[in-house]
Amino acid sequence: MLGPRKIKYRKPQRGRMPGKANRGVDVSFGEYGLQAQSNGWISAREIEAARRAMTRHIKRGGQVWIRIFPNKPVTTHGSENSMGSGKGSLDHFVTVVRAGRVLFEMAGVTEDLAKEAMRLAAHKLSVKTKFINKERGV
């Protein structure tokens, strides 16, 4: 799974995610893209599951780009722990996604095949998404 090699702070604060994305909003590498329509956290497991769903559907033809990277650590307490006793240990990594961000891109396949592959990938993600086309914008 994806994750950073080194992180500056082991246990960062949760932060906020208001507004829309102001970068990474255009299809840059491929012909088709999957764009987030809502804000949220996407875990490394979700990214990997979506990538697998896409590459299996296109039968490893074409090319897939992952435009997001999980670099934010999330901590959790174990189950049945009492309140207090400090912050929990590192559990997994997520990426903060705002509305408008392009999550995945694809090229080298037909539009119908790309649309179906992106639909399968969208079911694996915890944010609302939309299929976009480079030349048409939608």
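Which residue takes a positive phi just after α1? In this predicted model, the residue in that position is K59, whose phi is about 50°. K59 is placed in the loop between α1 and β3, and with a relative accessibility of 71% it counts as exposed, the cut-off for that class being over 50%. Most residues other than glycine have a negative phi. A second residue other than glycine with a positive value is E80, for which phi is near 60°. E80 belongs to the loop between β4 (residues 72–76) and β5, and its relative accessible area of 83% makes it exposed.

The overall organisation of the chain may be described next. Two helices and seven strands are present, and their order along the sequence follows the pattern β-β-α-β-β-β-β-α-β. The C-alpha trace spans about 55 × 30 × 25 Å along its principal axes, and of the 138 residues in the chain 34% are buried. Among contacts that link residues at least 6 apart in sequence, 79% are made between residues at least 24 apart.

Helix α1 comprises residues 44–57, and its end C-alpha atoms are separated by 20 Å, in agreement with the 20 Å that its 14 residues should span at 1.5 Å a residue. The buried residues of this helix are A44, E46, I47, A50, A53 and M54, and they pack against strands β2 (40–43), β3 (63–66), β5 (89–97) and β6, as well as against helix α2.

M54, one of the buried residues of α1, has a relative accessible area of 0% and is therefore classed as buried, a class that requires a value under 20%. When neighbours within four places in sequence are left aside, the contacts of M54 are with V64, F104, M106, A117, M118 and A121. Of these partners, A117, M118 and A121 are themselves buried residues of α2. The C-alpha atoms of M54 and E116 are 8.5 Å apart in space, although 62 residues separate the two in sequence.

Helix α2 is made up of twelve residues, 111–122, and reaches 16 Å from its first C-alpha to its last, close to the 16 Å expected at 1.5 Å a residue. Its buried residues are A114, A117, M118 and A121. Seen down the helix axis, these buried residues fall within an arc of 100°, and so they line one face of α2. This arrangement may be read against the geometry of helices in general. An α-helix has 3.6 residues a turn, so residues three or four places apart point the same way. The elements that cover the buried residues of α2 include strands β1 (32–36), β6 (102–107) and β7 (129–133), together with helix α1.

K11 is situated in the segment before β1 and counts as partly exposed because its relative accessibility is 31%, which lies between the limits of 20% and 50%. Apart from neighbours within four places in sequence, K11 is in contact with T75, K87, G88 and S89. The C-alpha atoms of K11 and K134, which are 123 residues apart along the chain, are separated by 38 Å. Q37, in the loop between β1 and β2, is likewise partly exposed, with a relative accessible area of 38%. Residues up to four places away in sequence being excluded, Q37 touches A99, K128, T129 and K130. Between Q37 and K8, 29 residues apart along the chain, the C-alpha separation is 30 Å.

The largest pocket of the model has a volume of about 290 Å³. Its lining is formed by A21, N22, R23, I68, F69, N71, T95, V96, V97, R98 and R101. Classified by residue type, this lining contains five nonpolar, three polar and three charged residues.

Note on methods: Residues numbered from 1 in each chain as written. Predicted model: local features only at pLDDT ≥ 70, side-chain atom pairs only at ≥ 80, totals over all residues. Heavy atoms only, no water. 1 Å grid on protein atoms, 1.4 Å probe; cavity = no way out; pocket = protein on both sides within 12 Å on 5 of 7 lines; lining within 4 Å. Points joined across faces, edges and corners; volume = space filled by probe spheres on them. Nonpolar A, V, L, I, M, F, W, Y, C, P; charged D, E, K, R; others polar. Helix = DSSP H or I, 4+ residues; strand = E, 2+ residues; numbered from the N terminus. Buried < 20%, exposed > 50% of the residue type's maximum accessible area, 1.4 Å probe, protein only. Contact = heavy atoms within 4.5 Å. Expected span 1.5 Å × (residues − 1). Arc of directions from axis to C-beta.
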